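Take a look at the chain below. This report covers its layout, its surface and its charges.

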Amino acid sequence: MKIQHFQDTDTLYIELRATDIVKTRDLDESTLIDLDGKGNICVITIEHASERAGIPAFSYEQIPAPSS
């Protein structure tokens, strides 16, 4: 996974997997979703990110699976 914030355009680019993009869909007027050939989400692009996504605050946490 790769997350980039382009300050000059205030665009947040979230790459979930690096693969060929087959289709791009508009989720709304400021959010794009890129899909691979199987329809899996590969990239999410958010415009006006500082207003919509709380940039520059960022937190990442990996939650372990429960033990059996």
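Accessible areas come from the Shrake-Rupley method with a 1.4 Å probe. By that method, the chain exposes about 5,400 Å². Carbon and sulfur atoms supply 49% of this area. Keep in mind that the model is predicted.

**Layout.** The chain holds 1 helix and 5 strands. Read from the N terminus, the order is β-β-β-β-β-α. The radius of gyration is 14 Å, well over the 11 Å that the globule rule gives for 68 residues, so the chain is more spread out than a compact globule. Along the principal axes, the C-alpha atoms fill a box of roughly 45 × 35 × 20 Å. Of the 68 residues, 24% count as buried. Among contacts with a separation of 6 or more, 34% join residues 24 or more positions apart.

**Charges.** The chain carries 6 positive and 12 negative side chains. The centres of these two sets lie 10 Å apart. Side chains of opposite charge can pair when their charged atoms come close. How many salt bridges does a search of the whole structure find? The search finds 1. Asp-28 pairs with Arg-52, and their closest N and O atoms are 3.0 Å apart. This pair links distant parts of the chain, 24 residues apart. Asp-28 sits in strand E3 (residues 23–28), and Arg-52 sits in helix H1 (residues 49–52).

| Residue | Relative accessibility | Class |
|---|---|---|
| Asp-28 | 32% | partly exposed |
| Arg-52 | 41% | partly exposed |

Methods
Residues are numbered from 1 along each chain as its sequence is written. This is a predicted model: local features need pLDDT of at least 70, side-chain atom pairs count only at pLDDT 80 or more; totals for chains, interfaces and linings use all residues. Side-chain values use heavy atoms; hydrogens and water are left out. A salt bridge is a side-chain nitrogen of Lys or Arg within 4 Å of a carboxyl oxygen of Asp or Glu. Helices (H or I, at least four residues) and strands (E, at least two) are DSSP runs, numbered from the N terminus. Buried means under 20% relative accessible area, exposed over 50%, partly exposed in between (1.4 Å probe, protein chains only). The radius of gyration is taken over C-alpha atoms; the globule rule is 2.2 Å times the number of residues to the power 0.38. Contact means heavy atoms within 4.5 Å. Lys and Arg count as positive and Asp and Glu as negative; His and the chain ends are not counted. The place of a charge is taken as NZ of Lys, CZ of Arg, CG of Asp or CD of Glu.
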